[in-house]
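Good morning, and thank you for coming. Please keep the sequence and the model in view as I speak.

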Amino acid sequence: MSEILLEVEGLDKRFGGLHAVKNVNMTIARGEIVGILGPNGAGKTTMFNLLTNFIAPDAGKVVFNGQSLRGVKPHKIVTLGVARTFQLCRPFVGLSVLENVLVGSLGPRVHHPDLGERAMQLLSQVGLAAKADTPAELLSYGDLRRLEIARALAAEPELLMLDEPFAGLGSSEIEAISALIRQLHAEKNLTILLIEHKLREFMQLVSRVIALDFGEVIAEGLPAEIVSNPRVIEAYIGKQDPVAVVS
Amino acid sequence: MEILIYGAVTSAIYAMLAVGFTLIFGVARVLNLAHGSFYALGAYGTYVGTGILGLPLWQAAVLAIAFVALFGVIVEKVLIRPLRYSQLGVLMITLAVSLVVEQALFLIFGSEYRNVPAFIDTKLSIGGVDVAGQRLLTLLVAVVSIGALYLFIQRTRLGSAILAISQDAEAAKYMGIPSDRIFSLVMAISASLAALAGVLAGPFLSVQPSMHLLPIVKAFAIVIVGGLGSIPGSILAALMLGYAETLVAYLVSTSWTEIVSVLATLLMLVFRPAGFFGKRAAF
Amino acid sequence: MSGFKQLDKLSGAAGATALLLLAAAPLVFPGTYLIGVLTVAAIYGIWAVSWDFMSGLTGRENFGHSLFIGVGAYAAGFLNVQMELGPWWSLPVSMLLAMGFAVLLGFPTLRLKGPYFALAMLSAAVIMQRLMLIFWEHTGGEEGIQDIAPLIRNHLHYYWFVLALLGVITFLLGWLARSRWGLILRAIRGDEATCLAAGIPITTYKIVSLVISAAFAGLGGALYAHYQLQVSPQLFAVVTSVTIITMVYVGGMGTIFGPVGGALLLTLLTEGLRNVGEWRLMVYSVLLILIIFFLPDGVIAPLWRRLRVAVGGKP
C-alpha cells in the first residue's frame with residue numbers, strides 16, 4: 001500500500017455566481033500517474049490553480065506530504081515539492097532555453113555543485129539539449145511544452161502537475177511527450193497529476209482517472225471503467241462529440 | 001456658494017481633459033502623456049492667432065483647435081502607432097513629445113505668462129457671487145461638448161465602431177472596422193477637447209511653457225480614480241477632484257491643491273487600480 | 001560551465017582601463033572645469049547604473065527615480081546645515097533614507113503593471129517635490145538648502161573619490177546582474193506567473209532590487225549635494241528621471257556598464273551644448289525619441305559588443 005502524497009477534501013470555489021469547483025475530494029498516492037478528465041469548462045485548470053494557491057480556495061483541505069497547503073504562497077509550494085506547468089506555456093521571454101531551466105533550479109530542493117550542468121542534463125532528457133542557447137520565444141509549440149516540463153522538473157519536485165501537456169500538438173508529438181512523461185515517471189519516481197480532455201492519451205499513460213464535470217467529481221477509476229461510465233459519456237455528449245472520448 | 005461655482009468650473013476643465021485622455025486609452029490602449037501639450041498648444045495657438053496674427057478671437061480659436069487636432073493625429077500616426085506593442089514605449093515617447101513641445105514653446109515665447117483673450121469679458125453675478133463670464137462659458141462649453149461627444153458615441157454608427165474597438169480591437173478588425181482610421185479620429189477628438197479646454201481656460205489660468213504638466217497629472221489622476229476607459233467614470237471623478245481641490249484651496253491653502261490629485265492617484269493605484277468604473281485593472 | 005553569464009575578462013579589463021583613463025584625464029588636461037564636468041558625469045553614472053539595475057533588468061521602468069535622488073540629497077542638506085553634523089554622515093544616512101522610501105513605495109506599487117508602476121512612481125516624485133515646497137520653512141522652499149559643506153575640499157580628490165565609488169558600484173551591480181540575481185530579475189521581466197511556478201518569491205526580489213537601486217541613487221544624491229553645495233526641489237523633477245533614463249537607453253538597457261558610458265556621453269554633450277543652453281532639454285528629448293525608435297538597444301553596449309568581437313572576444 002503506497003503512502004498518500006496528496007489529500008484533497010471538500011475543495012470549493014465560487015466566482016460570483018459560477019460555482020467553479022464543487023466539494024472535490026481526491027487522494028493521490030505516491031508514484032501514481034493520475035489523470036483529471038473533463039470537458040472544457042469543467043473546472044480542471046481552476047482546480048490546479050486552487051491546489052497551488054494561484055487562486056485561493058473558498059473552502060477545503062489540501063494536504064501534501066502531511067503538510068497543509070492552504071494559505072501557502074505559490075512560490076513556497078514549489079519548495080515543498082509540488083511543481084506545475086501551464087496550459088498556455090509562457091516561457092521567460094528574453095532568456096535562452098538553458099536559462100529558463102536554470103531559473104527553475106534555483107530552489108532549496110536542489111543540491112548540485114554545477115547548476116548549469118544539471119540544467120543541460122534536464123534538457124537532454126526532454127530532448128532540447130541542442131537548443132540550449134536558443135531564445136525561448138523562438139521555440140515551436142511542442143518544444144515549448146518540453147521546456148515547460150524541464151523547467152518544472154528543475155525544481156526537483158515530488159509531485160508534478162501537468163496542465164494539458166498535449167494541447168495543440170500533433171499526434172506524433174503527443175506520442176513523444178507521452179513517452180517522455182512515462183520515462184520521467186520511471187526514472188525519477190515522480191507522482192504525476194495530469195489534466196487532459198482527450199481520453200485517448202490518458203488510456204495509455206495514466207493508472208487512474210478522475211472525471212470532472214461542472215466542477216464536481218462524477219467518476220473515478222481505471223481508464224477502461226471511465227470510458228464506459230454513463231455519466232462521463234453524457235458529460236461529453238452533452239458538450240462535444242463522443243468521438244473525442246473514445247477515439 | 002463660491003465654492004460651488006468655482007468647483008464646477010474647475011471640474012469642467014478637468015472633465016474635458018480627462019474625457020479625452022480616457023477616450024484614447026479606452027480605444028487604443030494609449031496612455032498619452034502628451035495630452036497636456038494639446039491643452040497648452042490650444043492656449044498658445046489662440047495667443048498666436050490673436051496676438052501675432054491679429055485674427056478675431058473666434059477664428060484664432062478654431063484655427064488653434066484644428067492645428068492641435070492635426071498635430072495629435074500626426075503624433076499618433078508617426079510616433080505612437082509603431083510603438084503600440086509596448087505600453088512603456090508609448091509612455092516614454094509621449095513624455096518626450098511633451099518635453100519637446102514645452103521646450104519649443106519656451107524657446108519661441110519665453111517663460112513669461114502670455115495673454116489669451118477671453119470670449120466674455122464681463123463679470124456676471126450668480127447667487128450673490130461675482131463670477132467671470134469666461135469661467136461660466138467654460139462650464140457651459142464643457143457640458144455641451146462632453147454631452148455631444150457622449151451622444152455621438154452612443155447614437156452614431158461611427159460611435160458604435162469606436163465602442164467596438166475599445167471592447168475588442170481584434171474582433172472589430174475582423175468585422176471590417178478600419179481601426180487605424182478610427183484611432184486617428186479618436187486622437188483628433190481627444191486632442192480637440194484638450195485644446196478647447198486650453199482656449200477657454202487660457203484667459204484665467206496661467207499660460208506658460210510648463211502649463212502642460214499639471215493638467216496631465218490631474219487628467220491621469222481623474223482617469224485612474226474614475227477608471228481607465230470609462231467616460232462616465234472620468235466625469236464623476238473630475239467632479240470629485242475639482243471640488244476636492246477647490247475645497248482644499250479654500251479651507252487649507254492653495255499650495256496643497258496639487259497634492260490632492262497626485263495623492264488621489266497614488267492611493268487609487270494602490271487600493272483599487274481599476275478605479276471606480278474601470279474595466280481594465282492596472283494589474 | 002555554470003550557465004550564468006560571465007563577466008568576461010575582456011569586458012572587465014576594458015572597464016578597469018576606462019576607469020583609469022577617466023581618473024587620469026584631469027591630470028592630462030588640468031583645470032577645475034573638466035574636473036567639475038567629470039564629477040557630475042560620474043554622479044550621473046551612479047544614478048544611471050542604479051536605475052538600470054532595477055528597471056533595466058526587470059523591465060519595470062521607474063519614472064520616479066528622482067525621488068530617491070532628492071531624498072538622499074536633502075538628507076545631506078539637513079544633516080549638514082540644519083543639524084550641523086559632519087558631512088560624512090550624509091553618505092550612510094542618505095542611503096538608509098532612500099532605502100526606507102523604496103520599501104514604503106515598493107510594496108504597494110510593484111504589483112502594478114509596467115506603465116502604472118512607472119506613473120505611480122512619477123506621482124510619488126511629484127508629491128515629494130510639492131512637499132518640499134509646501135514645508136518651505138524647513139526645506140528652504142524654491143531655493144532649497146544652501147551652504148552645504150563639501151566632503152573633500154580638493155576638487156580633484158573629490159572627483160577621484162566619486163569615481164572610485166562609481167567603479168565599485170558598477171562592478172558590484174554588474175556582477176550581481178550576471179549572477180543568479182540578474183537571472184531572476186530578467187525572468188521576472190519574462191513572465192511573473194511562471195516565476196512563481198518556478199518557486200521564485202517575485203515580490204521579495206522586486207522590492208529588494210528597488211531598495212538596492214534606491215540606496216545608490218540616494219548615495220549619488222548626497223554626493224551631488226556635497227558637490228553643488230546646495231539642494232533644490234528641482235532635483236525631484238521629472239526632468240532628472242528622464243535624463244537618467246535617456247542615459248540608460250543610450251548606454252544599453254540592462255547592461256549596467258553601458259549606462260556609465262551613456263552618462264559620460266550625455267554629460268559631455270550637455271556641456272558641449274552649454275552655449276545653446278536653452279536648447280539642451282530639447283536636444284535630450286528629441287534624442288530620446290530617436291533612440292527609442294532607431295536604437296532600442298542603445299549605442300554604447302552594441303558598439304562595445306562589436307569591438308569585442310573584432311578583437312577576438314566572444315559576441
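I begin with chain A, where the C-alpha centres of domain 1 and domain 2 lie 24 Å apart. Please bear in mind throughout that this is a predicted model. Domain 1 of chain A is made of two stretches, 4-81 and 157-246, while domain 2 of chain A covers 93-156.

How many residues does the contact take from domain 1 of chain A and from domain 2 of chain A? The contact takes 12 residues from domain 1 of chain A and 12 residues from domain 2 of chain A. On the side of domain 1 that touches domain 2, α2 (74-80) and α6 of chain A each supply at least two residues. Of the elements there, α6(A) gives the most, with four residues. By class, that side of domain 1 of chain A divides into eight nonpolar residues, three polar and one charged.

Let me turn to one helix of chain A. Helix α5 of chain A runs over residues 141-153 and has 13 residues. From its first C-alpha to its last, α5(A) reaches 19 Å, close to the 18 Å expected at 1.5 Å a residue.

Is this helix mostly covered or mostly uncovered? The helix α5(A) is mostly covered, with 11 of its 13 residues buried. Among the buried residues of α5(A) are L144(A), L147(A), I149(A) and L153(A), and the charged-letter positions D143(A), R145(A) and E148(A) also belong to that list. The cover over the buried residues of α5(A) includes the strands β6 (82-84) and β7 (159-163) of chain A. It also includes the helices α3 (97-104), α4 (115-126) and α6 (171-188) of chain A.

I move on to chain B. Chain B has 11 helices and two strands. Taken along the principal axes, the C-alpha atoms of chain B fill a box of roughly 55 × 45 × 35 Å. Buried residues make up 53% of the 283 residues in chain B. Among the contacts in chain B between residues at least 6 apart in sequence, 74% join residues at least 24 apart.

Chain B also meets chain C. Their contact takes 31 residues from chain B and 28 residues from chain C. On the side of chain C that touches chain B, the elements giving two or more residues are α5 (114-134) and α13 (280-294) of chain C. Here α5(C) gives the most, with 13 residues. That side of chain C has 20 nonpolar, three polar and five charged residues.

In soluble globular proteins, nonpolar side chains tend to be buried together. The largest nonpolar core in this model has 275 residues, and those with the most contacts inside it are M16(B), A18(B), A195(B) and A98(C). Helix α1 (residues 2-28) of chain B provides the largest share of this core, 17 residues. Both domain 1 and domain 2 of chain A give residues to this core, so it lies between them.

What does A195(B) touch, leaving aside residues up to four places away in sequence? The residues that A195(B) touches are F38(B), Y39(B), L41(B), G42(B), A64(B), I65(B) and V68(B).

Technical notes: Residues numbered from 1 in each chain as written. Chains lettered and ligands numbered in written order. Predicted model: local features only at pLDDT ≥ 70, side-chain atom pairs only at ≥ 80, totals over all residues. Expected span 1.5 Å × (residues − 1). Buried ≥ 20, exposed ≤ 12 C-beta atoms within 10 Å, placed from the backbone. Contact = placed C-beta atoms within 7 Å. Domains from an automatic or database assignment. Core = buried A, V, L, I, M, F, W, Y, C linked by C-beta atoms within 7 Å.
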